[in-house]
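Okay, hi everyone, thanks for coming. Let me put the structure up, and then we'll walk through a few parts of it together.

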Amino acid sequence: MSNIAIKPPSQSGIVNWMKENLFSNKLNTVISIICIYLVVKFLAGVVDWGILNAVFAADASACKAASDGACWGVISEKYRFIIFGTYPADEQWRPLLAMVWFVGLIICSLLRSFWKLWLLPLWIASLIGLGILMWGGVLGLSYVENTQWGGLPLTLMLAVVGTVAAFPLGILLALGRRSELPLIRVWCVAFIELVRGVPLISVLFMASVMFPLFLPEGVTIDKLLRAQIGIILFTSAYLAEVFRGGLQAVPKGQYEAAAAMGLTYWQTMRVVVMPQALRIVIPPTVNSFISMFKDTSLVLIIGLFDLLATAKVAITDPVWRAFYIEVYIFVAAIYFVFCYSMASYANNLETELRKGEQH
Amino acid sequence: MSEPLKSRKRLSSLIYSEKARGVFAQILVTGGIAFIAWYLISNTFENLANQGIATGYSFLSLESSFGISEHMIEFTPADSYGRALMVGFLNTMKVSFLGIIFATLIGFVVGVSRMSKNWILSRIAAVYINLFRNIPVLLQLIFWYTLINNALPSPKRALEVLPDVFFSNRGVLFPVPAEHPAYFWMGVVFVIALVGVWLLRRWALAHRDRTGQTFPYVWAGLALVVVSVFITYLVCGAPTEMSTPVLKGFNFKGGAKLSPEFLSLLIGLTLYTSTYIADIVRSGLLSVPKGQEEASTDLGLKPSQTLMHVVLPQASRVMIPPLTSQYLNLTKNSSLAVAVGYPDLVSLSNTTMNQTGQAIEAISIFMAVYLGISLVISLFMNWYNKKMALVER
């Protein structure tokens, strides 16, 4: 072929970029103009309401006077309650420290250079540390009953402990589901499908209403712990399916080679299969954690004070009742920052891992 | 092998034999589960006996003595708990069904927009997806509910958006045709016409395979449905009476109503689920190789034919399984109705167990219903996957 059309070198510059991406034909031009109009109008409204006409001081009467602007004063007035719930004010550094520590730990655990074996004992130690910090009663810390826990620390704790504790359980269930022993397979499939078939709220209802009936007389476990157990069991079924995907992605030759070398089942899993499968499942595990983080908001239905519940309580205050939009935006923003950053990370990691496979 | 080693070998072969260990492990696990189950159940019976709570499902036939604000079948406080749960189930189905339709529509539009070459349209779609996906759906529901209750005026100052359509903090009211037997018969004829369309399609496809001639069954079917339903309407006396909402005292009478509870649940579930559907649509369309579209255009197919006969059938193979699981998620998430007070299955079960104390029975009923729905859907999925699986040589 002699008459190959050579693509002209793409021109740079903002005008050309706009021509290519916004105004390439008539339809596109119309769409772009409508979109730009709507975006500008929306952003102008948001800036007007949220910044220009907004009241930032914690002064309810000033807020009521400025009827066409946001009242961020409600946040400066209520943020401590929304974030920490009814945890004693003087001791709020403890949940704060616990949160900072765990966010740091999660970030470290997600960075590939930190994927070492010492992460495991560090996690266990951190969970024990979390208990000491939150409950207190030792090391000169005053004792705080867990009915006083609330807000963001509670939300984070339910999600983090839920996922971490569900991790080993999920691995066992996934292995069980792929086991060659029929009875073990049946039990694992039954558990996984039962849990995945019902909404989380039914598991939480079970934890709050039915669970006390299961225990022998005189033994009681408090509501928070029951909800936490429910969340762990619920998450483990979802993680089991994630891990099953990872196990299936390990080529059959790997199992066969391990068997040929005379490794036992558990050796094969520990040294050959798991290290490969776990790498694959990290992005979907993060996604599962994100769902759990969002879903912990359901505990408000059984009467625990998570981040959403404290926000709801904050706006029952008659003085600040009118400014519910600001409070919900504040809480939504907290959820958004956590979920969006983790989701972006999981996406990047997935792309990176896929690239690594192609080499 | 020497003689004394033989007996030792028999024992060790039992330990080292994979089969024996397998049997042993299974017995151990099953026994463990049976023991735990027995322990929990015996505790439960003991506790129930101590608290004087009767077991069994006989409470379902007792009089409920509570009212339900929204019911698709007749319900009064004199009706039984069983009927109340039925009302709840129908309400769950109603909100899930509408939610699935709207979420799919919005999801397709957003998913296609996300793939658009138009930069700003694609960015708007991306912002929409990230925003509504990363905020808990419960927070969204509660937000919409609070907004409808506080931002909309009272019925007395309701906004009349269209003639006889009112927006107020009691919900949206709009006129509907007044009750008349004609509508029942129109429904019956509609269903019969749908069966007719299905038969017509079968015949048209067989005809095409036999002779190569196409028959416009879509248009013919549409005409069949519209004409037959319209004729029924005329035959039954062509009722024109409407039921319009009218303000009486502090509230509206007449017309049909979408309650704030229903609306907030529907809006929240729809927006949240549509972000996931948008991503599914996008990855489905991306999964069809570009060559397929090009080849079909080169064969002279029109763009609509390319989409209908080449791209969508292949994309749907990728899209349908995750779509179904999103539909299932939406149905399960509709149980959050309890937070805004929409009388769905879970919410009415909750009322029932608070009144009767029959927690185990009430929870077991709604868990069984959700499990049943999941089971039906996964059976459908298996059937569909088999039907759609690539036939490989």
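Let's start with one pair of residues: B:Glu160 stands opposite B:Phe166, which sits in S2(B). Keep in mind that what you see is a predicted model.

That pair takes us to the strands. S1(B) and strand S2, residues 165-168 of chain B, pair in the antiparallel sense over three bridges. Zoom out, and you get an open sheet of four strands in chain B, ordered S1-S2-S3-S8, with antiparallel pairing. So which strands stand at the edges? Those are S1 (159-162) and S8 (256-258) of chain B; each has a single partner strand, so one side of each is left without a neighbour in the sheet. On average, neighbouring strands here are turned by 25° against each other, ignoring direction.

Okay, on to helices, still in chain B. The axes of H6 (residues 181-211) and H7 (residues 217-235) of chain B come within 9 Å and cross at roughly 160°. Because of that angle, H6(B) and H7(B) are roughly antiparallel to each other. Their contact includes B:Trp185 and B:Phe190 from H6(B), and B:Leu224 and B:Tyr233 from H7(B). By class, that contact has 16 nonpolar, four polar and one charged residues.

Last bit: how do the chains meet? On chain A, 43 residues are in contact with 45 residues of chain B. Helix H14(A) gives the largest share of chain A's side, nine residues. That side of chain A divides into 33 nonpolar, seven polar and three charged residues.

That's my tour, thanks!

Note on methods: Residues are numbered from 1 along each chain as its sequence is written. Chains are lettered from A and ligands numbered from 1 in the order in which they are written. This is a predicted model: local features need pLDDT of at least 70, side-chain atom pairs count only at pLDDT 80 or more; totals for chains, interfaces and linings use all residues. Axes are lines fitted to C-alpha atoms, for helices over the stretch in contact, and angles run from 0 to 180 degrees between N-to-C directions. Helices (H or I, at least four residues) and strands (E, at least two) are DSSP runs, numbered from the N terminus. Angles under 35 degrees count as roughly parallel, over 145 as roughly antiparallel, 65 to 115 as roughly perpendicular and the rest as oblique. Two residues are in contact if their C-beta atoms, placed from the backbone, lie within 7 Å. Ala, Val, Leu, Ile, Met, Phe, Trp, Tyr, Cys and Pro count as nonpolar, Asp, Glu, Lys and Arg as charged, and the others, Gly among them, as polar. Two strands pair if DSSP finds at least two bridges between them.
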